Amino acid sequence: WTYFAEYMPGHRYAVGADPSEGVGRNNSAIVVWDFDAREKGFHKPQVVATFLSNRIPPDRLAYEIRNVAVRFGNCIVAPERNNHGHATIAILKQIYPNNLYYEQRGEYLIDKRTEKIGWHTNSSSKPKMLYDLKTIIDEELINIPDERLIRELRSYPARDLDELKFDEDKEMHWDLVVACSIGWQMRNFAMPGLSIDKEKE
């Protein structure tokens, strides 16, 4: 874990996560966003925490996700549902059931919510989520203080937009980029967090 800011009561936070198998090859990644962060008096959403590990199995990753979500106000959590994400989601349903992201049929409409937990990266959602992130980076509308994430963003190839199947032989998977872009998609679903005691009531 690397933390760049402390929790600010009343701010809207979100956790995006990209689970992996945890066998020493590609990384599991978690990125936490603060959508109400400010810089020099101006609104500027910020990445406030990142996690990267190629050793943690998907079930244990769920506990890392839960712990950081509680730390940042019991915020909304969006794990990627592809590949090893199903194992992570199965545990999250047990240990953090109250603020998981459910896939939407339409954009930002509560009555369009499905029963599918997590973010599904597919031929439609992948280009959108990555172009959305690229736009706000190009316009300097966000603050990303993590050097590992910045390196991934700078090296991300355009051809990867067309690749949806997991390839263990690929040298780099841009796991932080995926977690970051999923987290950014939560900006319209995030609410100011409840206290832990309030959540249990």
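**Contacts, cores and salt bridges in a predicted model**

Student: Which residues does Trp33 touch, not counting residues up to four places away in sequence?

Tutor: In this predicted model, Trp33 touches Arg12, Tyr13, Ala14, Pro45, Gln46, Val47, Val48, Leu133, Ile142, Cys180, Gly183 and Trp184.

Student: Which residues have the most contacts inside the largest nonpolar core, and which elements give two or more residues to this core?

Tutor: Trp33 and Met186 have the most contacts inside the largest nonpolar core, which has 30 residues. Two or more residues come from each of strand E3 (28-34), strand E7 (76-79), helix H3 (125-138), helix H4 (147-155) and helix H5 (175-184). The largest share, seven residues, is that of H5. A second, separate core has 24 residues, including Ile30, Ala49, Phe51 and Leu61.

Student: Why are H3 and H5 called roughly perpendicular to each other?

Tutor: H3 and H5 pack at an angle of about 85°, and their axes are 9 Å apart. Angles of 65 to 115 degrees count as roughly perpendicular, and H3 and H5 are therefore described in that way.

Student: Which residues meet where H3 packs against H5, and how many of them are nonpolar, polar or charged?

Tutor: From H3, the residues are Met129, Leu130, Asp132, Leu133 and Ile136. They meet Val177, Val178, Cys180, Ser181, Ile182 and Trp184 in H5. By class, this contact has nine nonpolar residues, one polar and one charged.

Student: What makes the pair of Arg187 and Asp132 a salt bridge?

Tutor: The closest N and O atoms of Arg187 and Asp132 are 3.9 Å apart. The cut-off is within 4 Å, so the pair qualifies as a salt bridge. Arg187 lies in the loop between H5 and helix H6 (196-200), whereas Asp132 lies in helix H3, so the pair ties together parts that are 55 residues apart in sequence. Lys128 is linked with Asp132 and Arg187 in a network of salt bridges. The structure holds eight salt bridges.

Student: Why does Asp132 count as partly exposed?

Tutor: Asp132 has 22% relative accessibility. Buried means under 20% and exposed over 50%, so Asp132 falls in between and counts as partly exposed.

Student: How do you know whether Lys44 and Glu39, which meet in a salt bridge, are buried or partly exposed?

Tutor: Their side chains meet at 3.3 Å, N to O. Lys44 has a relative accessible area of 19% and is therefore buried, the limit being under 20%. Glu39, at 34%, counts as partly exposed.

Student: What is the corresponding description of Asp146 and Arg148?

Tutor: The side chains of Asp146 and Arg148 meet in a salt bridge at 3.4 Å, N to O. Asp146 is buried because its relative accessibility is 2%, whereas Arg148 is partly exposed at 26%.

Student: What is noted about the phi values of Lys40 and Asn74?

Tutor: Most residues other than glycine have a negative phi. Phi of Lys40 is near 55°, a positive value in a residue other than glycine. Asn74 is not a glycine either, and has a positive phi of about 55°.

Student: Where do Lys40 and Asn74 lie, and why is each called buried or exposed?

Tutor: Lys40 lies in the loop between strand E4 (38-39) and strand E5 (42-43). Its relative accessibility is 78%; exposed means over 50%, so Lys40 counts as exposed. Asn74 lies in the loop between helix H1 (58-71) and E7. Its relative accessibility is 4%, and Asn74 therefore counts as buried.

Note on methods
Residues numbered from 1 in each chain as written. Predicted model: local features only at pLDDT ≥ 70, side-chain atom pairs only at ≥ 80, totals over all residues. Heavy atoms only, no water. Core = buried A, V, L, I, M, F, W, Y, C linked by side-chain atoms within 4.5 Å. Buried < 20%, exposed > 50% of the residue type's maximum accessible area, 1.4 Å probe, protein only. Helix = DSSP H or I, 4+ residues; strand = E, 2+ residues; numbered from the N terminus. Contact = heavy atoms within 4.5 Å. Axes fitted to C-alpha atoms, helices over the stretch in contact; angles between N-to-C directions. Parallel < 35°, antiparallel > 145°, perpendicular 65-115°, else oblique. Nonpolar A, V, L, I, M, F, W, Y, C, P; charged D, E, K, R; others polar.
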